[in-house]
Protein chains: 2
Amino acid sequence: MATTIDRWNKGKVSPTMSLARVHNFSISLDGFGTGEGMSRDAPFGHAGERLHQWMFTTRFWHEMTGRSGGTAGLDDAFARQFEPGIGAEIMGAGKFGYPGWHEDPDWKGWWGPNPPFHTPTFVLTHHPRPSIEMEGGTTFHFLDTSPAEALDTAREAADGQDVRIGGGPTVVRDFFAAGLIDRLHVVVAPILLGRGVRLWDGLEGPEKDYEVEATSSPSGVTHVTFTRAGL
Amino acid sequence: MATTIDRWNKGKVSPTMSLARVHNFSISLDGFGTGEGMSRDAPFGHAGERLHQWMFTTRFWHEMTGRSGGTAGLDDAFARQFEPGIGAEIMGAGKFGYPGWHEDPDWKGWWGPNPPFHTPTFVLTHHPRPSIEMEGGTTFHFLDTSPAEALDTAREAADGQDVRIGGGPTVVRDFFAAGLIDRLHVVVAPILLGRGVRLWDGLEGPEKDYEVEATSSPSGVTHVTFTRAGL
């Protein structure tokens, strides 16, 4: 069996390889990444905050939102992989704003003046607009292009670091279906939403190219990771 | 907080209560309980045996199939809850036979002369036929009736014991949607089937009436249990 050093030497693990990673992507037990009826007042539709409750209790989230405290166990260990090593993010139009945001010239995302990305952030949209520089290192760029081309662009901007594929479900699914994702971290919440946007729709058998691991947390969620074989 | 003895005394836990239970019901990560293209040669369609691989390695399964050996860990502990306390089973036409079995007067199920049920077993079908007595205590009865009425009939036959709702996915879903299931044990296999029959379709929010627990196994599957609140 090859050691890590062997594999490193063979170039299978490279410190300069830029991966495409998904982190903290929450779905319901029936596979919905967002609920039905998304609007400016309900970013996740009828799902509300139920898909992400597991994260709000972590120390990672408390730090992100300028508070002390929070849990430091399994959920936190997964959650805080969100940031290290990331040099750019790609997100869909449905994550950047409410349905119809492209008609609002002042819309700058949900996250206030200092968004939690702190890198170049590429928004896939059929309605591109000029880039928006925010505080804290986040600059929103708008692209009307394919997943593969967007990834090339984001990789260049990431300057050798990894690219986070930030969601929503349609974007993660499109990139996964195109074989572009190297690490996928999905969090299954123990609820049945019944309706919304499914993450897995139309995906058949991608696990043959990945190592898949499931880890249940005392909080009730299950962390499922897909890691490209050989990485 | 009420002790178990308190609850027992209040009648919330009763040794004579007959529960409706689902055990070892396997689904893919994208929620399919069976694949597409079911036939006499492919009882689970394109899913093949992949959904149930976790069970075949258990000591429980080895015992059921007259062999020694098998694993004795988490998967086995869950799997062997299948039989104790069960006095009858209800299954759907799609579990009893291949599409079109009702046109075959000699069809007696997939399981040979001594099926693994060992109790009265009620098959829900729009094509009822006379009961079939098998070896080992299994008698197949055929009912064209609603889930609630079938459960009443099976409970009577179970003589105070529990009733297993045996599947397939449509039957489990119908009974769950009707609020008839007391304990639901689902096993999520780390594969994406992409197509087939979904277990959860149309179910929204049943978790509010249940305690839900998820437990990942070293084998890669995750056991999810719904237990009716107060039981």
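Reply: The model is a predicted one, and every value below is computed from it. Phi of Asp159(B) is near 55°, a positive value in a residue other than glycine. Most residues other than glycine have a negative phi. Asp159(B) is exposed, with a relative accessible area of 68%.

The corresponding stretch of chain A may be followed next. Just after α6(A), Asp159(A) takes a positive phi of about 55°. The helix α6 of chain A covers residues 147–158, which makes 12 residues. From its first C-alpha to its last it reaches 16 Å, close to the 16 Å expected at 1.5 Å a residue.

Which residues of α6(A) are buried? They are Ala150(A), Leu151(A), Ala154(A) and Ala158(A). Seen down the axis of α6(A), the buried residues fall within an arc of 100°, so they line one face of the helix. On the other side of α6(A), Asp152(A) and Glu156(A) are exposed. The helix thus has a buried face and, on its other side, exposed residues. What do the buried residues of α6(A) pack against? Their partners are the strands β1 (20–28), β3 (86–92), β4 (120–124), β6 (139–143) and β7, together with α7, all of chain A.

In chain B, helix α6 (residues 147–158) lies across β1, β3, β4, β6 and β7. Its direction is at about 150° to that of β3(B). These strands belong to an open sheet of 9 strands in chain B, with mixed pairing and the order β5-β6-β4-β3-β7-β1-β8-β11-β10. The edge strands are β5 (132–133) and β10 (210–216) of chain B, each of which pairs on one side only.

Asn24(B) lies in strand β1 of chain B and has a positive phi of about 60°, although it is not a glycine. Asn24(B) is buried, with a relative accessible area of 8%, whereas Asp159(B), mentioned at the outset, is exposed.

Beyond strand β7 the chain holds another feature of the backbone. Most peptide bonds are trans. In chain B, however, a cis peptide bond joins Gly167(B) and Gly168(B), with omega about -5°. Gly168(B) is placed in the loop between β7 and α7 (169–177) of chain B. In chain A, a cis peptide bond likewise joins Gly167(A) and Gly168(A), with omega about -5°, and Gly168(A) is in the loop between β7 (162–165) and α7 (169–177) of that chain.

It remains to relate the two chains. Chain B can be laid on chain A with an RMSD of 0.0 Å by a turn of 180° and a shift of 0.0 Å along the axis. The two copies are thus related as by a two-fold rotation axis. In chain B, the C-alpha nearest the axis is that of Ser216(B), 2.6 Å from it. The same surface serves both copies, for 100% of the contact residues of chain B recur in chain A.

Terms used: Residues are numbered from 1 along each chain as its sequence is written. Chains are lettered from A and ligands numbered from 1 in the order in which they are written. This is a predicted model: local features need pLDDT of at least 70, side-chain atom pairs count only at pLDDT 80 or more; totals for chains, interfaces and linings use all residues. Side-chain values use heavy atoms; hydrogens and water are left out. Two strands pair if DSSP finds at least two bridges between them. Helices (H or I, at least four residues) and strands (E, at least two) are DSSP runs, numbered from the N terminus. Contact means heavy atoms within 4.5 Å. Axes are lines fitted to C-alpha atoms, for helices over the stretch in contact, and angles run from 0 to 180 degrees between N-to-C directions. Buried means under 20% relative accessible area, exposed over 50%, partly exposed in between (1.4 Å probe, protein chains only). The expected span of a helix is 1.5 Å times one less than its number of residues. The arc is that of the directions from the helix axis to the C-beta atoms. Copies are superposed by least squares on the C-alpha atoms of residues with pLDDT of at least 70 in both.
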